[in-house]
Amino acid sequence: MSDQKPGLFNRFFTPSAVYSFGGILIGGFIAGIVFWGGFNWTLEMTNTEEFCVSCHEMEVNVYAEYQGTIHQNNGSGVRATCPDCHVPKDWTPKIIRKIQASKELYGHFITHVVDTPEKFAEHRAVMASREWARMKRTDSKECRNCHNFDYMDFTMQETRAAENHQKAIDEGKTCIDCHQGIAHDLPSNYLEHYEKVVSDLDDKGLPPPAQGTRFADGAAIRAHLSDQ
């Protein structure tokens with residue numbers, strides 16, 4: 001009987017007292033694929049408009065406001081749904097946003113912070129400010145998935161829009177500086193809330209937008225764009 005030890009290939013498939021190393025490796029690989037596929041499937045299932053409006057707080061408030069806006073119905077048929085605007089596309093920011101959403105689940109199931117229209121209206125400025133700050137920090141990245149200054153033909157835009165977009169480019173402004181309330185109702189005194197968001201970000205090193213370039217009223221933007 002030879003005392004020669006088995007080669008690496010044979011050792012790979014030689015069963016031990018419990019499992020072979022190869023079986024463990026192959027089993028782990030298959031389990032990893034199943035887990036990763038299931039994880040991504042679940043992630044994408046929570047990234048749909050249907051999931052976003054499955055709770056009544058969203059359905060009767062922001063989703064109702066979204067109905068009939070330029071982001072839902074327009075001549076081109078290109079729609080922006082809830083995750084298009086509120087969930088980052090890149091992997092790491094998306095996961096961070098999903099983790100943050102756990103706090104929203106706590107508010108839905110435990111504290112019921114916005115479970116009535118009255119509570120929602122009272123909390124609207126806080127929620128809007130949170131989204132404005134996020135979009136300021138990311139240079140309105142979700143907006144730019146569809147709208148990009150580099151590809152705008154200002155000669156095809158209404159004069160006011162073309163002038164403001166050119167001014168935004170010249171002054172380094174971002175979409176949310178002018179387009180608050182484009183798909184949802186605005187909180188009362190929304191400009192004061194927005195200016196506080198800009199001021200807070202300025203304290204952290206992000207320069208505030210130049211004055212005089214934002215539209216006077218977010219609701220007017222929505223009405224204006226609906227006529228286009």
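This is a predicted model: local features need pLDDT of at least 70, side-chain atom pairs count only at pLDDT 80 or more; totals for chains, interfaces and linings use all residues.
The crossing of α2 and α7 is left-handed.

Helix α2 covers residues 21–45 and helix α7 covers residues 91–111. Their axes come within 12 Å of each other, and the crossing angle is roughly 70°. Angles of 65 to 115 degrees count as roughly perpendicular, and α2 and α7 are therefore roughly perpendicular to each other.

Which residues make this contact? From α2 there are Trp-36, Phe-39, Asn-40, Leu-43 and Glu-44. From α7 there are Trp-91, Lys-94, Ile-95 and Lys-98. Sorted by class, the contact of α2 with α7 has five nonpolar residues, one polar residue and three charged ones.

Some of these names come back when we turn to the aromatic rings. Phe-35, Trp-36, Phe-39 and Trp-91 are linked by ring pairs into a cluster. Of these, Trp-36 and Phe-39 are on the α2 side of the helix contact, and Trp-91 is on the α7 side. How many aromatic pairs does the structure hold? The number is six.

Helix α8, residues 117–137, packs against helix α11, residues 190–203. The angle here is about 45°, and the axes are 10 Å apart. That makes α8 oblique to α11. As for handedness, α8 passes α11 in a right-handed crossing.

On the α8 side, the residues in this contact are Ala-125, Ser-129, Trp-132, Ala-133, Lys-136 and Arg-137. On the α11 side, they meet Tyr-190, His-193, Tyr-194, Val-197, Val-198 and Leu-201. By class, that contact of α8 with α11 has eight nonpolar, two polar and two charged residues.

Last, two loop residues with backbone angles to look at. His-112 lies in the loop between α7 and α8. Its phi is near 50°, a positive value in a residue other than glycine. Is His-112 buried, partly exposed or exposed? With a relative accessible area of 33%, His-112 is partly exposed, because the exposed class begins over 50% and the buried class lies under 20%.

The other residue is Asn-189, in the loop between α10, residues 159–171, and α11. Phi of Asn-189 is near 55°, again positive in a residue that is not glycine. The relative accessibility of Asn-189 is 52%, so Asn-189 counts as exposed.

Definitions and conventions:
Residues are numbered from 1 along each chain as its sequence is written. Side-chain values use heavy atoms; hydrogens and water are left out. Axes are lines fitted to C-alpha atoms, for helices over the stretch in contact, and angles run from 0 to 180 degrees between N-to-C directions. Helices (H or I, at least four residues) and strands (E, at least two) are DSSP runs, numbered from the N terminus. Angles under 35 degrees count as roughly parallel, over 145 as roughly antiparallel, 65 to 115 as roughly perpendicular and the rest as oblique. A crossing is left-handed if the near helix is turned anticlockwise from the far one by less than a right angle, and right-handed if clockwise. Contact means heavy atoms within 4.5 Å. Ala, Val, Leu, Ile, Met, Phe, Trp, Tyr, Cys and Pro count as nonpolar, Asp, Glu, Lys and Arg as charged, and the others, Gly among them, as polar. Rings of Phe, Tyr and Trp (its six-membered ring) pair if their centres lie within 6.5 Å; planes under 30 degrees apart count as stacked, over 60 as edge-to-face and the rest as tilted. Buried means under 20% relative accessible area, exposed over 50%, partly exposed in between (1.4 Å probe, protein chains only).
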